[in-house]
Structure formats: structure tokens, C-alpha cells
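Work through the exercises below with the sequence and the model at hand. Try each task before reading its solution.

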Amino acid sequence: MDTNFDSLANKFSHNIYHTTKGRLRLDILQREFSQYLLPRFEQESLRLLDAGGGQGQMACWLAQKGHQVDFCDVSEQMLTMAKALASEHQVAEQFEFHQLKAQQIGATLGRKYSLICFHAVLEWLAEPREGLLTLLESLEQGGVMSLMFYNYYGLEMHHAVNGNYQYMLKGMPKKHHNTIIPQGRFKPEEVEQWLVEAGYKVERRIGLRVLHDYVKDKNLQEKCYDRLLELEWQRCAHPVYRDLGRYSHFTVSR
């Protein structure tokens with residue numbers, strides 16, 4: 001069964017977006033959009049889809065740049081938070097909100113999009129491959145999907161540097177479901193194979209939190225945040241670093 005964040009929304013907000021790991025994830029994504037994704041479009045205002053958009057931070061940033069957003073999430077609590085954030089940023093009129101699973105969006109809304117955001121959702125789906133490919137049917141010819149997912153190798157390295165060798169030897173089995181730790185984890189080459197076999201192309205790959213999570217002195221994550229962000233950005237596309245990021249990001253086209 002797909003995970004619904006109604007019971008975890010507040011915990012997720014506190015543990016992710018009130019920490020440097022959530023802040024850095026947003027900062028790197030926004031740079032990636034500013035430098036690589038948005039410049040490819042000639043029109044100043046896009047109608048885009050944020051599927052499983054959570055609390056709406058990325059969608060509000062895009063709306064502030066003049067874009068129209070179809071915002072979907074299965075969680076009523078997440079939608080409430082996203083609506084409040086859109087109102088706070090005075091961009092609510094640029095949103096359409098829908099309580100939908102990602103797999104239901106195409107059949108329900110019946111629209112095609114030049115840009116689809118699908119960030120940190122894949123790892124919460126019961127059938128991730130099918131969910132991803134179903135959502136991609138809503139991508140128009142020449143459009144792109146911004147796809148971010150929990151990276152198997154980043155999780156493995158996390159356990160390695162923390163000495164959790166027995167857990168690694170067991171194959172890192174999934175733990176209980178009442179947690180904000182993702183239940184799915186994917187090797188980037190595995191996801192890319194799904195896409196290529198279905199007729200899509202991965203144009204660009206980066207990693208997120210390629211350095212941040214390996215800092216021994218956690219106080220430095222906050223104290224030296226700006227310098228750490230610059231180092232992350234400089235290395236996020238380098239193959240040695242990107243594949244050890246806690247998350248992988250693909251620019252997907254058809």
C-alpha cells in the first residue's frame with residue numbers, strides 16, 4: 001500500500017524541513033531548476049504538475065517565478081499545509097489543489113504537462129515502477145520530469161560509515177512503516193533502466209546531500225552551511241559524489 005503522510009506530516013516537517021538536510025535539498029533543487037531545467041522553456045509561465053508535492057515548498061518557489069501549478073498529494077494534512085504556505089507567499093491564485101495519488105492524476109485531470117515534479121515520492125509507493133511510468137504518461141512530447149528518489153548507495157554508505165555492518169550484510173531489510181525513513185531505496189541504474197525500456201531518456205543526473213550526511217561534526221552542517229552548500233553544488237554532478245548522495249535527481253525527457 002502507498003504511504004499516506006496524514007499521521008506523519010508534523011513529524012516530517014520538524015525532522016526534515018526544520019533541519020539543514022531539508023534546507024540543502026531545496027537549495028540544490030532550486031539551483032538545478034534555475035540553471036538547467038527552467039531555461040530550456042521559451043515561455044515565461046508554464047502550467048506544471050507537482051505530484052506528491054508534500055508541504056509545497058518547491059511548488060511555491062516555482063509559483064513565485066510566475067508558473068501555474070497543479071498540486072497533488074494523497075495526504076489531506078499535506079494539502080492543508082501546502083495551501084497555507086501558498087497563501088503565506090501570496091501565490092495561492094496560481095494553484096489548483098487536488099487530493100490524488102500520483103497514479104490517478106492522468107486519468108482524473110486529463111492534462112499534459114511540459115514539466116512534472118516528482119520528488120521523494122517513488123520510495124513511498126507500493127509499486128514504484130508502475131507508478132512512475134503511469135505518471136510519465138502525463139508528460140507532453142518535449143517535456144521533462146524532475147525526478148528525485150531515495151538512493152540505495154547513499155543509504156548503504158550511511159550505514160557503512162556508522163559501522164552498521166551486520167545490517168548491511170543482511171541486505172538492509174526494511175524496518176517498520178510508522179517512520180519518516182523511506183521504505184524504498186533504489187539504485188540509480190535500476191531506475192534509469194525502467195525509463196529507457198519505456199522509451200524515456202535521462203538527460204542529466206545529480207546527487208543531493210553528497211557531502212552533508214557524511215560530516216562527522218554535525219554542528220558544522222549549520223555553522224558552515226553556506227560553504228557546505230557551495231561544495232555540494234560543485235560536486236553534485238560528479239560521478240564519484242553523485243552516486244553517494246542520499247537522494248538522486250534525474251532530468252527525464254521523452
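The model is predicted: local features need pLDDT of at least 70, side-chain atom pairs count only at pLDDT 80 or more, and totals for chains, interfaces and linings use all residues. Residues are numbered from 1 along each chain as its sequence is written, and side-chain values use heavy atoms, without hydrogens and water.

**Exercise 1.** Find the partners of strand β4 and state how they pair.

Solution. Strands are DSSP runs of E, at least two residues, and helices are runs of H or I, at least four, numbered from the N terminus. Strands pair if DSSP finds at least two bridges between them. β1 pairs with β4 in the parallel sense over two bridges, and D50 stands opposite C117 in β4. β5 also pairs with β4 in the parallel sense, over six bridges; here I116 faces M145 in β5.

**Exercise 2.** Which residues touch the most other members of the largest nonpolar core?

Solution. A nonpolar core joins buried Ala, Val, Leu, Ile, Met, Phe, Trp, Tyr and Cys residues through side-chain atoms within 4.5 Å. Of the 41 residues in the largest core, the answer is F33, L62, F95 and L115. Another core lies apart from it, with 29 residues, among them L132 and M145.

Methods
Buried < 20%, exposed > 50% of the residue type's maximum accessible area, 1.4 Å probe, protein only.
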